[in-house]
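Here's a quick walk through one chain, written for someone who likes to know the cut-offs. Have a look at the model first.

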Amino acid sequence: MLWPMIAVVLGFLGIAVLGVLALRVFIEVRRLAGQVGDASERIQRAARDLERAATPLAARAGRSVAGEAESGENRG
């Protein structure tokens, strides 16, 4: 009778340990999800800033290329 009781107690302790570990994993996953969300927002903000900064440069480069093409046509 002693061995079955020990087996039941050990089984209960094993399930309790697994429950505690599952709770810890759940908490860490929620924390990681929050960090991923923050990083995603920062990346989106940086992409918008980059696009805003690149637009005038692209327009200036386009005018420069068009001007070189026109001057090349006049020479040829």
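This is a predicted model: local features need pLDDT of at least 70, side-chain atom pairs count only at pLDDT 80 or more; totals for chains, interfaces and linings use all residues.

Residues are numbered from 1 along each chain as its sequence is written, and side-chain values use heavy atoms, with hydrogens and water left out.

The fold is quick to describe: the chain has one helix and zero strands. Both are DSSP runs numbered from the N terminus (helices are H or I, at least four residues; strands are E, at least two). Helix 1 takes in residues 2-75.

How much of the chain counts as buried? The figure is 0% of the 76 residues, with buried meaning under 20% relative accessible area, exposed over 50%, and partly exposed in between (1.4 Å probe, protein chains only). The accessible surface of the chain is about 6900 Å², and 69% of that belongs to carbon and sulfur atoms. These areas come from the Shrake-Rupley method with a 1.4 Å probe; for residues, only the protein chains shown count as cover.

Part of that surface is a nonpolar patch made of M1, L2, W3, M5, I6, V9, L10, F12 and L13, with about 1100 Å² of accessible area together. Patch members have over 30% relative accessible area and no salt bridge; like charges are joined within 9 Å, and nonpolar side chains (Val, Leu, Ile, Met, Phe, Trp, Tyr) within 5 Å. L2, which lies in helix 1, counts as exposed at 52% relative accessibility.

Now for the charged pairs. Side chains of opposite charge can pair when their charged atoms come close. The structure holds two salt bridges, each being a side-chain nitrogen of Lys or Arg within 4 Å of a carboxyl oxygen of Asp or Glu.

| Salt bridge | N to O distance |
|---|---|
| R31 and E28 | 2.6 Å |
| D49 and R52 | 3.1 Å |

R31 and E28 sit three residues apart in helix 1, about one turn of the helix. D49 and R52 are separated by about one helical turn because they are three residues apart in helix 1. As for accessibility, E28 is partly exposed at 40%, D49 is partly exposed at 38%, and R52 is exposed at 56%.

Last stop: T55, also found in helix 1 and partly exposed at 48% relative accessibility. A polar atom of the T55 side chain lies 2.7 Å from the backbone oxygen of E51.

Key
A polar contact is a pair of N or O atoms within 3.5 Å; within protein, one must be able to donate a hydrogen and the other to accept it, and residues adjacent in sequence count only if both atoms are side-chain atoms.
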